[in-house]
Amino acid sequence: MVVANPNHHRAEKITEDIQLPVIDLLSDPSQSSKLIVKACEQFGFFKVINHGVPPEIISRMEQESLDFFSKPGSEKLRTGPANPYGYGCKSIGLNGDIGEVEYLLLQANPQIVSQNSLYISGDPNKFRCAVNRYVEAVRKLACEILDLMAQGLGLGLGLGSPQVSTSVLSGLIRDVVNTDSLLRLNHYPPVEAASKIGFGEHTDPQILTLLRSNGVGGLQISLEDGVWIPVSPHPVSAFCVNVGDVLQVMTNGRFLSVRHRAMVNSFESRMSTAYFAAPSMDATICCLPELATPQKPSLYKTFTWGEYKKAAYTRRLGDSRLNLFKMKQDD
Ligand code: GA4
């Protein structure tokens, strides 16, 4: 439960499960780009299938995660506490948020992964290979999805050489070394507690999140204050994709960075792996010129990712931070 935040004690309603739009990445890109844009405007969430990430890369990563969380508590604690990276148990972030979850939060940079593997696994080489191969595959997938979004928004593929042209959106996350992207391994052990909140409500600060789970439900999204919609965990081979705050800013509020949370199950363990695609710390974030018009001028100020990240990490999980960067602060 996220404590000491009055927002979290208001009355709430849980509705029927939702089947998010499922985008087949093998289908016609001009069609899928339109469906992706529609999903980002309506739900801020969608799923992708036929995504091209090899099943073997996924299963190796998920096996490493399982092996890590199966270790005795004392061994896992040697990898922590998460500040904010490392192993965390129940304590989320640096400002007192609590949830029924244990996790490993890693910087998705191959060199840093190599160094940290020594403290995380008894077989650091195996761990390093599994993580770096997974990160490389999901980074490529995130770039592909961002390029489809750009196409759907009519932004064109302006960057890069004529052979390998990429969009301004994927251009922000292509740098492998100078990246601030993260990988989060979560384990939600089954609990018979009054509070079933594994990871309290929040939006993701980054550009795009790619999430996989072990088929056990728990993710809920909130499109309306106080109303929670459970997301069905199927199809199991899919990645669940969601818009982060930075993408909401860049699309001038057209794409929604939607509040979500993870609930725990009473009987089954839920495992999930989330890749948070972020720009470099000094990247400038502002509304894309094509999406600002005299009728709808830019809603947000210009800032660097580093400035935004600092604002996010010095606040509580559920606190709204986009308001701080609004052109007109109305609340
Ligand atoms: C939410 C999305 C990612 O899991 C995360 C989280 C981060 C953390 O767990 O350290 C934060 C949270 C997340 C947003 C507000 C701050 C920072 C916990 C918290 C209270 C890794 C991220 O980038 O932001």
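Predicted model: local features only at pLDDT ≥ 70, side-chain atom pairs only at ≥ 80, totals over all residues.
User: Is Glu-102 buried or exposed?
Analyst: Let's start with where it sits: Glu-102 lies in strand S5, which covers residues 97-107. Its relative accessibility is 7%. Buried means under 20%, so Glu-102 counts as buried.

User: Which side chain joins that of Glu-102 in a polar contact of 2.5 Å?
Analyst: The side chain of Glu-102 makes a polar contact with that of Lys-76, but that one is at 3.0 Å. Lys-76 and Tyr-87 both turn up among the residues in contact with Glu-102, leaving aside its neighbours within four places in sequence. The 2.5 Å polar contact is with the side chain of Tyr-87.

User: Which strands are at the edges of the sheet?
Analyst: The open sheet has eight strands with mixed pairing, and the order runs S2-S3-S13-S10-S15-S8-S5-S4. An edge strand here pairs on one side only. That picks out S2 (22-24) and S4 (86-92).

User: Which residue in S3 stands opposite Ile-23?
Analyst: S2 pairs with S3 (residues 45-49) in the parallel sense, over three bridges. Across from Ile-23, the residue in S3 is Val-48.

User: What angle does the direction of helix H5 make with that of S10?
Analyst: Helix H5 spans residues 124-152 and packs on the sheet. The strands touched by H5 include S3, S5 and S10 (208-213). Between the directions of H5 and S10, the angle is about 125°.

Methods. Residues numbered from 1 in each chain as written. Heavy atoms only, no water. Helix = DSSP H or I, 4+ residues; strand = E, 2+ residues; numbered from the N terminus. Buried < 20%, exposed > 50% of the residue type's maximum accessible area, 1.4 Å probe, protein only. Polar contact = N/O pair within 3.5 Å; in protein donor to acceptor, adjacent residues only side chain to side chain. Contact = heavy atoms within 4.5 Å. Pairing = 2+ DSSP bridges. Axes fitted to C-alpha atoms, helices over the stretch in contact; angles between N-to-C directions.
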